[in-house]
Number of protein chains: 4
Amino acid sequence: MADNMAYQQHLSREKVFRDPVHNYIHVPDQLILDLINTKEFQRLRRIKQLGTALFTFHGAEHSRFGHSLGVYEIARQICENFARNYPTKTPGDGGWDNSERLVVLCAALLHDIGHGAYSHTFEHIFHTDHEALTVKILTSPETEVNQVLRQVSDEFPQQVASVITHDYPNPQVVQIISSQIDADRMDYLLRDSYLTGTEYGKFDLTRILRVMRPYQDGISFAMDGMHAVEDYVLSRFQMYLQVYFHPVSRAMEVILEHLLQRAKYLYEHQQLDAAFVPYLLVPFLENDFTLNDYLNLDDGVLTTYFIQWQSASDPILSDLAQRFLNRRPFKSAQVTPATVHLLPELKRLVAAVGYDADYYTAINNSFDLPYDAYDPHAANPKTQIEISQPDGSLIELSTLSDVVAAISGKMTGDERFFFPKEMLAETTDNLFASTYQEFQHHILNDALID
Amino acid sequence: MADNMAYQQHLSREKVFRDPVHNYIHVPDQLILDLINTKEFQRLRRIKQLGTALFTFHGAEHSRFGHSLGVYEIARQICENFARNYPTKTPGDGGWDNSERLVVLCAALLHDIGHGAYSHTFEHIFHTDHEALTVKILTSPETEVNQVLRQVSDEFPQQVASVITHDYPNPQVVQIISSQIDADRMDYLLRDSYLTGTEYGKFDLTRILRVMRPYQDGISFAMDGMHAVEDYVLSRFQMYLQVYFHPVSRAMEVILEHLLQRAKYLYEHQQLDAAFVPYLLVPFLENDFTLNDYLNLDDGVLTTYFIQWQSASDPILSDLAQRFLNRRPFKSAQVTPATVHLLPELKRLVAAVGYDADYYTAINNSFDLPYDAYDPHAANPKTQIEISQPDGSLIELSTLSDVVAAISGKMTGDERFFFPKEMLAETTDNLFASTYQEFQHHILNDALID
Amino acid sequence: MADNMAYQQHLSREKVFRDPVHNYIHVPDQLILDLINTKEFQRLRRIKQLGTALFTFHGAEHSRFGHSLGVYEIARQICENFARNYPTKTPGDGGWDNSERLVVLCAALLHDIGHGAYSHTFEHIFHTDHEALTVKILTSPETEVNQVLRQVSDEFPQQVASVITHDYPNPQVVQIISSQIDADRMDYLLRDSYLTGTEYGKFDLTRILRVMRPYQDGISFAMDGMHAVEDYVLSRFQMYLQVYFHPVSRAMEVILEHLLQRAKYLYEHQQLDAAFVPYLLVPFLENDFTLNDYLNLDDGVLTTYFIQWQSASDPILSDLAQRFLNRRPFKSAQVTPATVHLLPELKRLVAAVGYDADYYTAINNSFDLPYDAYDPHAANPKTQIEISQPDGSLIELSTLSDVVAAISGKMTGDERFFFPKEMLAETTDNLFASTYQEFQHHILNDALID
Amino acid sequence: MADNMAYQQHLSREKVFRDPVHNYIHVPDQLILDLINTKEFQRLRRIKQLGTALFTFHGAEHSRFGHSLGVYEIARQICENFARNYPTKTPGDGGWDNSERLVVLCAALLHDIGHGAYSHTFEHIFHTDHEALTVKILTSPETEVNQVLRQVSDEFPQQVASVITHDYPNPQVVQIISSQIDADRMDYLLRDSYLTGTEYGKFDLTRILRVMRPYQDGISFAMDGMHAVEDYVLSRFQMYLQVYFHPVSRAMEVILEHLLQRAKYLYEHQQLDAAFVPYLLVPFLENDFTLNDYLNLDDGVLTTYFIQWQSASDPILSDLAQRFLNRRPFKSAQVTPATVHLLPELKRLVAAVGYDADYYTAINNSFDLPYDAYDPHAANPKTQIEISQPDGSLIELSTLSDVVAAISGKMTGDERFFFPKEMLAETTDNLFASTYQEFQHHILNDALID
């Protein structure tokens, strides 16, 4: 809760942002407008929301900027509903304390502020951590975001950060921002669905917002909205299988990862031509970067270096840069425990026709737990979705829904082996014909076979 | 018309691209698929369709890649309709000759292939010409696009180019790609409308495609679709006024232009610190660039240099780079012939508080002719929209539609004076208080006043 | 304004109605819920919104019930916006007095309560008046609607009625319900567009509601929403031309009118077989009906009699009933002042092949004034649309918009001559061949010609 | 397959019907246009698709006419796809024989032609059978439909009928019209979803049509469309639970059924006042009706009699008529095997306060099997959904999909006890206070309890 109320003034006239998903994003608070105008928040325009997914769904070119506004807008609507319909009357009655509103809105708006270019892959190579960086951007006095937040109170930046790290004391506040059905997920499903042009991510947001209500230990959903919640869980399940885990997007991610890996290797071994040293990446190659170094990176910076690397003398660096820029994805096939033993042999065959198997093959698994009931013994126990009955009692979602029960607690996704498309070439009059044929014998119906 | 039919094979199974605007883009031809896979076409993913419009409408982050696919898809549907319903039977009967199909599809797909990063502004500073570059990309043997096109015939690249330059002999072909109601405009109105989240650009594409028909001298529209065509003309009129000419987007374009201007000036006067020389821009600063140099540029390359320039020692370069990256648009006011005489005085006031008026003020006019009937005396006479009557006679659109007549032949848009937002500051205890006040006296209701 | 506040309680939990156009209709007031549950309001489910339009646009089967809810919802949103952003502070300051809210909501919900089956046609034949009947339903103690309204105060029913008859003192209240851009028109354009599946009626409702604001003498619209208002005016213009005035719907209306006319004639001349006397219509045939008689009529009652009349002995009654039920529209052609002189001859030709020209031909004109600035000399002067400038001054819409100026003050529509489709038959070996040919010589390009 | 090809001509210009769900319904065949223009098909405009559902979802006022056109349109697109991509080459190769096209289109268009007003309830009371009536309408020489069909060949009406009764030899043809994923279900899910304004029924029709393909024994779906099929199954599951089985719609159906039951009882016991005898219903009350009698009934005819019955002397008939017309649904509570024993007691309590329990209480169960794999031992074995693998092998859907497996073979729905809302009245100072209280003690959380 914000201590100092001085900054919590409303704008004389509400400001709006036109949004293709929510129609309008409503901003009645000066604080929120000031946060949007910080350079750290504006940077999100240069970080794509879905990374390499645009190579499969060409419409998915949207940035984290619009998504962040969308999460804020959903959180704003939740607070408005709670304040109108479920205000707390006595402490601990499970109602909503509207002095939490600003901390919710700031956490919603800024939850992704630490994300960088192609975060997942970049973190893997350079050992950065977007969550730690989010906290740093909120709490370092040097950032514009921090300067704006401090105008509420000295503790406010840390309070907002603690919502994002799940340490904030009020579980209602935390669950609006982060739970199995939160403002973040609801926005990205709708937005990614809108931009990719797929139908899978659509669900009835209005109805879910209507049936959402606070209780002592968090957020619950009224029984008459149970099927809208069920539909949301299924939408998320399908978006993972159909969009987020698409083999072609993952193939492009593999290429990106190997490309950065190669650049790092060459830099560390002093084999990167001087003209191709990536100025803005050097602090990360040196493993000695400031927050400002991090904030200077974006998708365009990386692709600028890739454009330069196309002409590098190292053939692997040059080839992978071209494959990434010109969209030449690897092909892939599913791997199961029964076929995983084939991998060394397959890599050997790829190497046999002249590819460096370290850079030209990969194993990638993409799994998600679409929904899970609370399990205290789990590595990362999840807040379960609670459905409230007319008499006030709560029942966990998968108890009520056969279809949610069917996917509850089950990891969903697959593990795939990636390799150059050239391995599937028709081979009649080719030097490597027999190697290609041997390779191709191990693949049927999109999977490895013995 | 394509001479050699060898390459004109259909794919064994039609390929589709999921598209948020057209649902699916259908690709039954190997030729089209090969063109999409060229590096020159893939580069379009890195060039934004609407440049600085995203600073006003945050959803407008889409690239020219999706738009190019969309124009292709509309052209494909037009050809399919013409081939089924209006095939030519005897030469010169005004029917559709379906051997023109491939040249139409290629011209539709590739009409924007020569566009570069922030084309409008870039061309202004560096004297490039995206139409000439389009022709070059189509006809230079070094490009992948040319190599694919040549598989149809040696003349085919030049034929496709001539459609884009309006020199192709068959006016039906030219008008599908370029006229006052063509596949290009129809796609961008729908797409920009979808991405910005505005309603203005929507019109009834299906109906327009249904009533479109070839005749001797081009394309006409059946009378019972007249109102759908009218609605399209109005949609375009409104998108220009509401989206394309938005003062904030133009303010950001002004900043971009002045930023590039400043970099060019510093480079030419050897005042650009060595660390900040933009490697990939040098050929343009030297005015000596190859086609490959041009194809290496994209939006991300420019913003990468802007990120670096933020730390440059030149205060103007550094400040403008920050204004662009962090979205600090200039403010503006309408200028009319009656108030244009105020400009020197206003520039003087901007300079008086310490801004270099050459870089911190600008005049920008944005005008468009939303529709015009054919006028042989015009500098650039337009193909008018013809409505065909049940008995086959043609009537020009504005003759039939009062609302189209109202905007026909009238330039629409405005001229604006841009200046730093700081000039509108409240000024009670400021050194420059009287200067600011004097400046502010000249502005009322979004316009200059005496 | 409601005197007695006793009844103005909010429901403990807001009630909602799922609506395809507005997503949800929100009902927080017990009063509104009680009005919806009256039998007079439920009757609106049995009265189609667009009468015979469904014979052209088969989707247009919706009733006045959903439309009435939609008008209420738009009015509710307007009041909510006004109360939040423009509350009155001192009497006469042009702000919004929220004690007007209930009278607005009731007038919005009930504005069509007096409409009957195929109102336009029915009124023409039986001299009923749906506006007078609306007032009667509101103010007669026998109705459930009146009983609910009286719980607010004894004067409340009359106050609501006076809004509908434009006699209520507060012009803001009247203009929300009835002006050139009111809740009624905004709902029907969107709803009719949604149900017919046409695009013409779509406009940006959210934006219009955002820029709407009260002033001393009514409602105005902020300048930055001017184009949304312009788009609304054009949408209405196009819906009239494309949907409401469609020749086939009007042809079916002509048949309906002649069918009722024939039944009335037969009844008055005691030629209607006893078995076919329409029980529920008798009070109207006798021109002596009660309010209850009127409320007993609906679309289904009329078609039930038409079904019976198909077997009547009078050939005209039976034939017209079949034409209406089985959708056998008359054909038509435009009439202009230059061709109106042809009508006697055309009727003669229709009669010559055996049709009773009184029942088998008709002149029907459908004209609308899509927009007009206020003209004190007009028969029925209209409240013009005012656009408010940043400094508060008001400018009439057509002064600012070329496209609105183009249609302002101009009657739009046409006059058509209707006749049996059989007159267009191919005639080679027919008894009446030469008559048909003579008739057909007078029609070209959908119009009469000399 | 149609024997005589004479009638199978295409229209010179394709006719279209504007449709809110499919945008346009395309009719290139004279035969289809003639069928649409028959009086039996036009009658479908007067039969609502969803009966009493409009009392819950007020938008659901659409008739079977639009749905029938929609099923036709989907079937047309399936045939077009099959003919282009999967034509048979040798008999028995599993490809599509396009000479089946017309029989498919006619069966699709006419599959509901025998439906009457409030079919489900009407059939229950009057022992009519809409499927038998469909066959009769197709095959009786007296109907216009039969006269049109016979122009193809003498056998053609019977062939079309046999598709609808599942007796047609080609399983591909039968499955397009009737299977667990057929043109009928796909249209009604989308259409009912559009009209009710709910999201549940939406799925990706375009994708499903793309992956649909014929094989020897019917229709299968390609593996890469598996999730679109899964989404369709879930959509159907949710529409049943959320829309089709809604307790309020069922409550209105109960009232309708008891109202007709009462009228029948009174008629049979000569207690129906002469003025209230329902002329067009008499043949059904006498259980001696012709096809023409049946075709004369529609929704409006029934409500016309209900309007008259409101004034009948029998209090039950009059009261139930008012409840139906004015929407006064019964309340209800779920019954389980554990609580079914309470019903006699609850009925006794309803009777104790003065209601005739036969007319004022009811048990209604609504169950559906959302999906089932083929089970030869089932009473009514279903054609399972087959997913085809890249190598051509088929796998049944629930084998591949956890969520489909979760609902496969399980009856979904509930059994409810219906009673007058008055039983839930607050009862402090009421004669029957203790009876009401006793009744209310048996209901908690929407269910009966001991």
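## Basis of the description

A crossing of two helices is left-handed if the near helix is turned anticlockwise from the far one by less than a right angle, and right-handed if clockwise. This report applies that term, among others, to a predicted model, in which local features need pLDDT of at least 70 and side-chain atom pairs count only at pLDDT 80 or more, while totals for chains, interfaces and linings use all residues. Residues are numbered from 1 along each chain as its sequence is written, and chains are lettered from A and ligands numbered from 1 in the order in which they are written.

## Two helices of chain D

In chain D, helix α10 (residues 183-196) packs against helix α12 (residues 226-244) at an angle of about 45°, and their axes are 11 Å apart. Helices (H or I, at least four residues) and strands (E, at least two) are DSSP runs, numbered from the N terminus. Axes are lines fitted to C-alpha atoms, for helices over the stretch in contact, and angles run from 0 to 180 degrees between N-to-C directions.

The helices α10(D) and α12(D) are therefore oblique to each other; angles under 35 degrees count as roughly parallel, over 145 as roughly antiparallel, 65 to 115 as roughly perpendicular and the rest as oblique. The crossing of α10(D) past α12(D) is left-handed. Among the residues that meet are D:Arg185 and D:Leu189 in α10(D), and D:Ser235 and D:Met239 in α12(D). Contact here requires that the C-beta atoms of two residues, placed from the backbone, lie within 7 Å.

## A mixed sheet in chain D

Chain D also has an open sheet of four strands, in the order β3-β4-β7-β8, with mixed pairing. Strands β3 (212-215) and β8 (394-396) of chain D are at the edges with a single partner strand each, so one side of each has no neighbour in the sheet. From one strand to the next, the twist averages 45°.

Two strands pair if DSSP finds at least two bridges between them. Strand β4 (residues 218-222) of chain D runs parallel to strand β7 (residues 386-388) of chain D, and three bridges join them. Within this part of the sheet, D:Ala222 stands opposite D:Ser388 in β7(D).

## Chains A and B

Chain A is superposed on chain B by a rotation of 180° with 0.0 Å of shift along its axis, at an RMSD of 0.0 Å. Such superpositions use least squares on the C-alpha atoms of residues with pLDDT of at least 70 in both copies. A:Gly300 is the residue of chain A that comes closest to the rotation axis, at 1.8 Å (C-alpha).

The contact involves 36 residues from chain A and 36 residues from chain B. Elements giving two or more residues to the chain A side include β1 (10-19), α3 (64-85) and α16 (299-309) of chain A. Of these elements, α16(A) gives the most, with seven residues.
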